[in-house]
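Student: I have a model open and would like to go through parts of it. Please take my questions in turn.

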Amino acid sequence: LLIVMHTLDAGPPEELAARLAPLAVPGNPWRFNATELQALLADRKGERATAIRLFRALATDAEAPAGVRGRAGQMLAVLGAGREAAG
């Protein structure tokens with residue numbers, strides 16, 4: 001996670017995605033943070049619909065930490081998808 005966080009803006013997207021994939025699976029304790037980074041990476045790559053889908057999933061997941069849900073709601077607003085999913 002730390003490598004991706006520090007290289008998200010300039011690192012090779014395919015490499016960053018490969019690092020996140022095994023962490024973003026159900027049951028992994030880092031899945032919420034990894035999914036948040038996947039959404040940011042999708043936005044960086046211009047895949048806005050994917051970013052919105054991932055942020056919406058985080059914003060509405062009752063198991064996600066409150067901080068992750070809050071940031072996801074804020075990103076939905078930034079991406080023009082509204083805050084209604086931040087519930």
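Student: Is Glu 47 buried, partly exposed or exposed?

Tutor: This is a predicted model, where local features need pLDDT of at least 70, side-chain atom pairs count only at pLDDT 80 or more, and totals for chains, interfaces and linings use all residues. Residues are numbered from 1 along each chain as its sequence is written, and side-chain values use heavy atoms, with hydrogens and water left out. Buried means under 20% relative accessible area, exposed over 50% and partly exposed in between (1.4 Å probe, protein chains only). Glu 47 has a relative accessible area of 34%, so Glu 47 is partly exposed.

Student: Which residue meets Glu 47 in a salt bridge?

Tutor: A salt bridge is a side-chain nitrogen of Lys or Arg within 4 Å of a carboxyl oxygen of Asp or Glu. Here the N to O distance is 3.8 Å, and the partner of Glu 47 is Lys 45.

Student: How many residues apart in sequence are the parts tied together by Glu 63 and Arg 31?

Tutor: The side chains of Glu 63 and Arg 31 form a salt bridge, 3.1 Å from N to O. Glu 63 lies in the loop between helix 4 and helix 5 (66–78) and Arg 31 in helix 3, so the parts tied together are 32 residues apart. Helices are DSSP runs (H or I, at least four residues), numbered from the N terminus.

Student: How many salt bridges does a search of the whole structure find?

Tutor: Among them is the pair of Glu 15 and Arg 19, with the closest N and O atoms 3.6 Å apart. The search of the whole structure gives a total of five.

How values were computed
Helices (H or I, at least four residues) and strands (E, at least two) are DSSP runs, numbered from the N terminus.
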